Amino acid sequence: MSIAVVTGGTRGVGAGIARAFLRAGAEVVVCARHPPPRPLTAAGRQARYLPLDVRDPQAAAELCSRVARDHGSLDVLVNNAGGTPYRPLSEGAPRHHARVVELNLLAPLHLSRAAHTIMRGQSGGGAVVMVGSVSAGRPSPGTAAYGAAKAGLENLARSMAMEWAGDGVRVNTVVLGMARTELTELHYGDEAGVAAVAATVPMGRLAEPEEVGDACVFLASDAARYISGASLAVHGGGERPAFLDAANVNRP
């Protein structure tokens, strides 16, 4: 049975990822600065919570060592913790933008290095899954530091995949679009606003957290044993180009 660590796994997308791994039969450890509001359960099983500020490299190393010591291995790391407030580049202090990069790029770097130290010594190696964003591949006005960090995260994952392939450690990225969580209405307004945003997605809805989790489970599983350095888009078909709606012609 695999041991999976999910950062930021106490709510939202992270909680959905944790539940997906529980359903897949893994022992799951979720970590964040604060515990979940209620125990995370799925398939009659419960995730373990350990406190962690992912931006602290020493604490990250200690957590990975503790998981391996307590559970016998560390097989999967899902770097899900991240996010950003809306803040135009001309606003906010330099440290505010720097902290966004620290959370979304440097924290996964430090955690992955800590996990790799353990995984490379295991007979089965291990798998690291980065939770990226569609913001990495397009302009991200209002969240520019976030978009830049997520672009760096994809590049980091590809470099890790190449460097660590000989150690049996695979590294891949889930490129996430918009997902429905308990915080969705804070970003998009009331249900009408959420529906209007969902209508811009080709599949006509936002992702459910468990669907993101299923993609992470796949990339961490033996079914993806020859996949490393890849980016898997989980965005419901992408973003419709604005010119199609602006052009004065009939298009599908």
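**Close-up 1. Salt bridge between Asp70 and Arg66 in helix 2 of the predicted model.** Asp70 pairs with Arg66 in a salt bridge (a side-chain nitrogen of Lys or Arg within 4 Å of a carboxyl oxygen of Asp or Glu), and the closest N and O atoms are 3.6 Å apart. Both residues belong to helix 2 (residues 57-71), four residues apart, which is about one turn of the helix. Helices (H or I, at least four residues) and strands (E, at least two) are DSSP runs, numbered from the N terminus. Asp70 is partly exposed at 40% relative accessibility, and Arg66 is partly exposed with a relative accessible area of 36%. Buried means under 20% relative accessible area, exposed over 50%, and partly exposed in between (1.4 Å probe, protein chains only).

**Close-up 2. Salt bridge between Arg138 and Glu239.** The closest N and O atoms of Arg138 and Glu239 are 3.0 Å apart. This pair links distant parts of the chain, 101 residues apart: Arg138 sits in the loop between strand 7 (126-133) and helix 4 (144-164), and Glu239 in the loop between strand 9 (231-234) and helix 8 (242-246). Arg138 is partly exposed, its relative accessible area being 33%. Elsewhere, salt bridges with shared partners join Arg48, Arg66 and Asp70 into one network.

**Close-up 3. Salt bridge between Glu210 and Arg19.** The closest N and O atoms of this pair, Glu210 and Arg19, are 3.8 Å apart. Glu210 is partly exposed at 25% relative accessible area, and Arg19 is partly exposed at 26%. The structure holds seven salt bridges.

**Close-up 4. Contact of helix 2 with helix 3.** The axes of helix 2 and helix 3 (residues 94-119) come within 9 Å and cross at roughly 35 degrees. Axes are lines fitted to C-alpha atoms, for helices over the stretch in contact, with angles from 0 to 180 degrees between N-to-C directions. Pro57, Ala60, Ala61, Cys64, Ser65 and Ala68 of helix 2 are in contact with His110, Leu111, Ala114, Ala115 and Ile118 of helix 3 (heavy atoms within 4.5 Å).

**Notes.** Residues are numbered from 1 along each chain as its sequence is written, and side-chain values use heavy atoms, leaving out hydrogens and water. In this predicted model, local features need pLDDT of at least 70 and side-chain atom pairs count only at pLDDT 80 or more, while totals for chains, interfaces and linings use all residues.
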